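Please look over the following model with its sequence to hand. The report below takes up its aromatic rings, its nonpolar cores and its sheets in turn.

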Amino acid sequence: MKKTISKLIMIIGLLCFIPLVSYAQSASESYNKGVALMNKGDYQGAIASFKASMAINKSAANVKKCNTQIAKCNRLAKKKRSDGDESTKRVTSSKQLTLSTYNLTFDPNEDTKIVGIETVPESSDWIANVASEHEGWCKLSKSMDGKNLQVTCLATSSTLSRQTGITVIYDQVTRFIKLIQKGNKPHLDVTKSDVKINKRRGGTQKVGISCNSDTLYSDNKNWELTKYPEWCEVTVSSGNEITIKAGPLAKTDPEFKSGRTGYVRIQSQNEEYIIRVDQK
């Protein structure tokens, strides 16, 4: 009877250990499979196997061992992606695009300029475009052999310069051309360039101003008064006209006998007109 009981206890004990042995072998197999997949470069598959091993064997030692390998897989996968990106960059950078100029300046009149295009490897498979809002005055055309870009700027009537950008694209390589068309020279004119006030007690003269500038100043005029003598009072009328008023010459003034001369300056953009004022 005692022997029978002892055998039963032994059998029960062995049965209790069977799952543990099976448990250990399954976790180990998953771990080893993960190592094999990692060595083959299948990092996602390896990570899945290591996670399966941890799910089977949740012991601290096994979890630590598997997490170490998972971290290694992530590092190797990241390096692989990085190497792939660098390889792509090297392939892309093997294509080259060179322009004969990256800046174009045109006068106000209609004109055409040529930009040389060089590609490596040699190809005519490039495109050029200009901002859609500037297509009305900037025209582009490509030579038959693809080695030149013709840029034409139509004439402008404005005194202001205008600019745009031309983008040239070859495969994934992009180059940019800055284009400026100068404005027409502004013209200033006056009805009197020499104002004479032949009274010692002072006097007033009016001078008309004409200007073709497209620049507007604070008073909504296309010209501005910039300087005048201290002994003059100069006012701008609502029209294109200025009023020059000279004060009296006192007997104590050093210029009482000789008279005095000063200058009124008007300006628009970079053009200036000087009006001479004499009081005798």
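## The aromatic pair

F50 is buried, with a relative accessible area of 0%, where buried means under 20% relative accessible area, exposed means over 50% and partly exposed lies in between, all with a 1.4 Å probe and protein chains only. This is a predicted model, in which local features need pLDDT of at least 70 and side-chain atom pairs count only at pLDDT 80 or more, while totals for chains, interfaces and linings use all residues. Residues are numbered from 1 along each chain as its sequence is written, and side-chain values use heavy atoms, with hydrogens and water left out.

Rings of Phe, Tyr and Trp (for Trp, the six-membered ring) pair if their centres lie within 6.5 Å, and planes under 30 degrees apart count as stacked, over 60 as edge-to-face and the rest as tilted. By this rule there is one aromatic pair. Its members are Y31 and F50, which are tilted, at 5.4 Å centre to centre and with 55° between the planes. The pair links distant parts of the chain, since Y31 belongs to helix α1 (residues 2–40) and F50 to helix α2 (residues 43–56), 19 residues apart; helices (H or I, at least four residues) and strands (E, at least two) are DSSP runs numbered from the N terminus. Y31 is also buried, with a relative accessible area of 12%.

## Charges over rings

A charge is said to sit over a ring if NZ of Lys or CZ of Arg is within 6 Å of the ring centre and within 35 degrees of the ring normal. The charged end of K65 sits over the ring of Y31, 4.2 Å from its centre. In the case of F106, the charged end of K113 sits over the ring, 5.3 Å from the ring centre.

## Nonpolar cores

In soluble globular proteins, nonpolar side chains tend to be buried together. A nonpolar core is here a set of buried Ala, Val, Leu, Ile, Met, Phe, Trp, Tyr and Cys residues joined through side-chain atoms within 4.5 Å. The largest core has 19 residues, of which L149, V151, I166, V168 and L179 touch the most other members. Two or more residues are given to this core by each of β1 (96–99), β2 (103–106), β3 (111–120), β4 (126–130), β6 (148–153), β7 (162–170) and β8 (173–181). A second, separate core of 18 residues includes W231, I242, I275 and V277.

Contact means heavy atoms within 4.5 Å. Leaving aside neighbours within four places in sequence, V151 is in contact with a set of residues that includes L104, F106, K113, V115, I166 and L179.

## Strand pairing

Two strands pair if DSSP finds at least two bridges between them. β1 and β3 pair in the antiparallel sense over four bridges, with Q96 standing opposite V120 in β3. β3 also pairs with β6 in the antiparallel sense, over six bridges, and there T112 stands opposite T152 in β6.

Six bridges join strand β11 (residues 203–211) to strand β14 (residues 241–246), and Q205 stands opposite I244 in β14.

Another open sheet is formed by four strands in the order β10-β16-β15-β12, and its pairing is mixed. β10 (194–197) and β12 (224–227) stand at the edges, each with a single partner strand, so one side of each is left without a neighbour in the sheet. Strand β15 (residues 260–268) and β16 pair in the antiparallel sense over nine bridges, and the bridge partner of S268 in β16 is E271.

I274 lies in strand β16 (residues 271–279) and counts as partly exposed, at 38% relative accessibility. Not counting residues up to four places away in sequence, I274 touches S193, Y263, V264 and R265. I274 and V190 are 84 residues apart in sequence and 9.5 Å apart in space, C-alpha to C-alpha.

## The chain overall

The chain has three helices and 16 strands, and buried residues make up 32% of its 280 residues. Among contacts between residues at least 6 apart in sequence, 58% join residues at least 24 apart.
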